[in-house]
Amino acid sequence: MMNNGRTVSSIHPQETERTWSNRYFPTAAREAMPAVPVPPPPLLASHAAVRAAASAVSHSRRARLAGDHPPQVAALRRGDWVKLICGASFEDAADVRNLSLVYTLAGVDCIDCAADASVVGAVNEGIDVATSIVPEVQRPWVMVSVNDDCRDLHFRKAEFDPEDCPPDCSKPCEKVCPADAISLERLIVGREHARSDPLHGKYEGGVITERCYGCGRCLPVCPYDRIRAVSYVRDPTMTSELLKRNDVDAIEIHTTGKGTDVFDNLWDCLSGAINNVKLVAVSLPYIGESTVDFMNAIYTIMEPHLQGYNLWQLDGRPMSGDIGRGATRETVSFAVHMASMSDRPPGFYQLAGGTNSYTIDCLKKADLFRSITFPGTATSQMICSQQALIGGIAYGGYARKIVGRTLRKVPAQFGCVRIEDHPDHLLEALQEAQSLVGPVKGYPVLS
C-alpha cells in the first residue's frame, strides 16, 4: 500500500478487530473498561443558559411536522438531516462522550462512532446527559461504522517506535496531527550536561492509539520515514452483537468501490442482525463513471434483506473538513455528478468527506441545497416529488475541531473533563456546534 510514494504497512484483510484490539490493548486494560455508563450528574442552576439555547432549537424542531416518519427520516426527506461523525477509528471515550453531549443539544439527527461497545456506551452516556439537561431534546440515532476492506483509509492507525526518532527531531508529526494523537517527550540519558545537548537523550511516548483516526497527515511529514499505517477490518461477529443492542439504531458500511465480493461477504455475515437497525448506510468514494453501476450492484446485494431505510454517503475527500474551504469541493462535485444520473439507486443521499462551514454555500451555488429533484431529470420529479435530493450533511473533523477548541480551554487540573461540570464552557461549545448545525436546519440565529 502506498501513501504519497511511501510504503505503508497493512494488516492482512483477514485480520479482524479482535486481533487488532489484542495487539494494541493489554488484556488487563480491556477488562478494566467500564461496562456500565456513569449516571448523569445532577442539574446545575448555571445550566440555565445552556437549557435556553438548546430549548430554542428543540422548539424549532417541534414546529416541523414529521408525518408518518420518524423525525430523523423526516429530516432526510426535507434535506436538513445532520450527522456527527465521531470517527470510525476514533476511540477516545471521554472525547466521544463530550462531543455526543454537545451535538445532541445542538440538534443533530445521528451520531456515528466506532463499532466498539465502550465507544457506543460513551455516545449514549453523552446523549443521556444532554437529555438530563434539556429533557425535550430529541435523541439522535446512534450509528456504528464498519468496513468491508482493509484498504479503506478510515480504518487504520499510525504507528512508530519513539526510540527510533533522532533526539534532534523537530517533531512535525506532533504538530500536524489534528487529533492530538501524538505525544513525544524527551528522556534524558546519561550525564547532566546532556540536557543542553540535542544529540543526547531519546524520545518516549508516540501514538495515542485511541485518539488516532487514520487521517495520515503524519506519514508524509516525518523527515526520517519512521511512521507507518496499520490497517484493520472490524470483526463482523462483534458488529452483529452490537446491532442487537437497543442503543444502536443504524449501521454504516464503508466500501472502497474496488469490488462487490468483499461487500457481499460482509453483508452475508451481518444479515442475521441487520434488521435490528432502522437505517443502513453505505459510504463510498467517487470512483469515476462506474460509481453508479457499483452502487446499483451493492443495492442488489442489500435489497433482499433490507427492511428499513437506506442511505448513501457520498464521501468526497475523507477526513479533511478541518483543512479549509477547498476541502468541501470534492463532496459537492460528487453530489453534482449524482444529480446528473437518472439511474441512481433508491435511498437517501448525504454528503461527507471535507464537509465544513463552507459546504452549505457550495450546495446552494450548485442548486442542490434542499432541492427536491435532481436538475434536468424528469423521471426523478415524479418519483422523488416529496423527497430532497441531498438528505443532509455529515460533519466529522471540522465538527470535532470547533468543539475541541473549547474542550481544551478547560483547565488541565480537572483531569478527565465532563463538559457539563463547566457550564460556561458547555455553553460556548454548544454555540460553536449550533453555528455548524443551524444553517442546515434553518434554526433562528441565537445571540
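This is a predicted model: local features need pLDDT of at least 70, side-chain atom pairs count only at pLDDT 80 or more; totals for chains, interfaces and linings use all residues.
Visitor: What volume does the second largest cavity have, and which residues lie nearest its centre?

Guide: The space in the second largest cavity comes to about 140 Å³. Its lining has 17 residues, and nearest the centre are Ala 158, Cys 212, Cys 215, Gly 216 and Cys 218. Two elements give two or more residues to this lining: strand S6 (156-159) and helix H8 (218-221).

Visitor: How do the lining residues of the second largest cavity divide by class?

Guide: They divide into 13 nonpolar, two polar and two charged.

Visitor: How many cavities of 30 Å³ or more are there, and what is the volume of the largest?

Guide: The count is three. The largest cavity has about 240 Å³. Around it are 25 lining residues, with Ile 85, His 154, Met 319, Gly 396 and Gly 397 nearest the centre. Strand S10 (250-254), strand S12 (309-315) and H15 are the elements that supply two or more lining residues. H15 supplies the most, three residues. By class, this lining holds eight nonpolar, 13 polar and four charged residues.

Visitor: H15 also packs against H5. Is that pair roughly parallel or roughly perpendicular?

Guide: In general, an angle between 65 and 115 degrees counts as roughly perpendicular. Here helix H5 (residues 93-106) and helix H15 (residues 397-407) pack at about 105 degrees, their axes 11 Å apart. H5 and H15 are therefore roughly perpendicular.

Visitor: Which residues meet in the contact of H5 with H15?

Guide: From H5 come Asp 95, Asn 98, Leu 99, Val 102 and Tyr 103; from H15 come Ala 399, Arg 400, Ile 402, Val 403 and Leu 407. By class, the contact has seven nonpolar residues, one polar and two charged.

Visitor: Is Asp 367 buried or exposed?

Guide: The cut-off for exposed is over 50% relative accessible area. Asp 367 has 57% relative accessibility, so Asp 367 counts as exposed. Asp 180, with a relative accessible area of 38%, is partly exposed.

Technical notes. Residues are numbered from 1 along each chain as its sequence is written. Side-chain values use heavy atoms; hydrogens and water are left out. Axes are lines fitted to C-alpha atoms, for helices over the stretch in contact, and angles run from 0 to 180 degrees between N-to-C directions. Helices (H or I, at least four residues) and strands (E, at least two) are DSSP runs, numbered from the N terminus. Angles under 35 degrees count as roughly parallel, over 145 as roughly antiparallel, 65 to 115 as roughly perpendicular and the rest as oblique. Contact means heavy atoms within 4.5 Å. Ala, Val, Leu, Ile, Met, Phe, Trp, Tyr, Cys and Pro count as nonpolar, Asp, Glu, Lys and Arg as charged, and the others, Gly among them, as polar. On a 1 Å grid over the protein atoms alone, a cavity is a set of points where a 1.4 Å probe fits but cannot get out, and a pocket is an open set with protein on both sides within 12 Å along at least five of seven lines; lining residues have an atom within 4 Å of a point. Grid points are joined across faces, edges and corners, and a volume is the space filled by probe spheres set on the points. Buried means under 20% relative accessible area, exposed over 50%, partly exposed in between (1.4 Å probe, protein chains only).
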